[in-house]
Amino acid sequence: MNDALDLDASAKYVVPGLERGLRILSEFSRNESRLSAPELARRLDIPRSTVFRLLSTLELLGFVEREEGGRDYSLGLAVLRLGFECLASKELTELGRPVLDRLRDQVQLPCNLVVRDGRSVVYVARSLSQTPFSSMVHLGTRLPAHATLFGRLLLRDLSYEKLRKLYPEEQLQTFTDHTPKTVDDLFRQLQADKGSRYLFVPGYFEPHISTLVVPVYGAGGAIVAAIGVTVAADHSDPAQITLLKTRACQAAAELSQLLDHIVPMSGI
C-alpha cells in the first residue's frame with residue numbers, strides 16, 4: 001500500500017513532455033537503430049503530431065538525427081554530453097579500443113578514435129604511447145570540426161544544404177592557414193576529399209602536431225568515426241607516412257567489419 005502511495009506522489013512531479021521524449025529515445029536499440037515517426041507514435045500510443053514535435057525538439061538538440069530521405073530517425077551523438085562514463089558500454093568505443101591498442105603497438109605512436117557531434121569532433125577513445133611530443137587533447141576533448149582533419153572526414157557525407165544549415169555564418173573561425181574561411185571553401189575541400197582513403201596535412205590544426213586520419217564505416221557505408229595517428233609535424237617522412245597509412249587503413253577496416261560493414265582492402 002505504501003509503495004502505491006509513493007508512486008502516486010511521484011507521479012505528481014512527472015513532466016509529460018520530458019517523459020515522452022525519453023520514451024522515444026528508449027525505443028531505439030542496436031537491432032532497431034532507425035525508426036519512423038508513425039512507428040514511434042504507434043508503439044507509444046502518442047498522437048503523430050506530438051511525436052513530430054518531440055522529434056523536432058530532439059533533433060534540434062542533437063539527440064536524434066533524421067536519415068537521408070527524411071522519414072526515419074536514429075540516435076544522435078548528443079547523448080555523449082550526458083557523461084563520458086557511458087562510453088565504455090557503447091559499441092563503437094568498446095570495439096574500437098582494442099583496435100586502437102593494436103595500432104598503437106604497431107606504429108608506436110598515439111592513436112585516437114573520434115566522432116562528430118554537430119559542429120565539433122569529440123575524442124571518445126585514446127591509446128597513448130611514449131613520445132617526445134604532446135598534444136592538447138584528452139578523452140572527451142571537443143575541437144571545431146571545420147578546422148580539423150577529423151572534421152574533414154566526418155563532414156564528408158553532408159550535402160551543401162546540410163553544411164550550410166550547420167554553418168549559417170558568412171565567415172568561419174580560422175585557426176591556421178589551412179582552415180577554410182567560408183562554407184563554400186569547406187564544401188569544395190570536402191568534395192576534393194571524396195576519393196581519399198586517408199588525409200594527412202602537416203600542422204593542420206596545431207602547428208607542431210600532425211595527424212593521419214582514416215574513416216570508419218558503419219551500416220550502409222556511412223562514415224561514423226575516424227581513426228587518427230598523431231605524429232610530430234617535423235618528424236615525418238614519406239616512408240613513415242606510407243606505413244602509417246597502411247596500418248591505419250587496416251585498423252579502420254577491422255573496426256568497420258566489427259561494426260557490420262566490410263570495407264574492401266584493395267587500393268590501400
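A crossing of two helices is left-handed if the near helix is turned anticlockwise from the far one by less than a right angle, and right-handed if clockwise. By that rule, helix 3 and helix 4 cross in a right-handed way. This is a predicted model, in which local features need pLDDT of at least 70, side-chain atom pairs count only at pLDDT 80 or more, and totals for chains, interfaces and linings use all residues. Residues are numbered from 1 along each chain as its sequence is written, and side-chain values use heavy atoms, with hydrogens and water left out.

**Helix 3 and helix 4**

- Helix 3 (residues 37-44) packs against helix 4 (residues 48-60) at an angle of about 120°, and their axes are 9 Å apart.
- Helix 3 is therefore oblique to helix 4; angles under 35 degrees count as roughly parallel, over 145 as roughly antiparallel, 65 to 115 as roughly perpendicular and the rest as oblique.
- Ala-37, Pro-38, Leu-40 and Ala-41 of helix 3 meet Arg-48, Val-51, Phe-52 and Leu-55 of helix 4, where contact means heavy atoms within 4.5 Å.
- Seven residues of this contact are nonpolar, none is polar and one is charged.

**Helix 5 and helix 9**

- Helix 5 (residues 91-107) and helix 9 (residues 238-258) pack with axes 10 Å apart, at an angle of about 160°.
- The crossing of helix 5 and helix 9 is right-handed.
- Helix 5 contributes residues including Leu-92, Gly-96 and Arg-102 to the contact, and helix 9 contributes residues including Arg-247, Ala-251 and Glu-254.

Notes. Axes fitted to C-alpha atoms, helices over the stretch in contact; angles between N-to-C directions. Helix = DSSP H or I, 4+ residues; strand = E, 2+ residues; numbered from the N terminus. Nonpolar A, V, L, I, M, F, W, Y, C, P; charged D, E, K, R; others polar.
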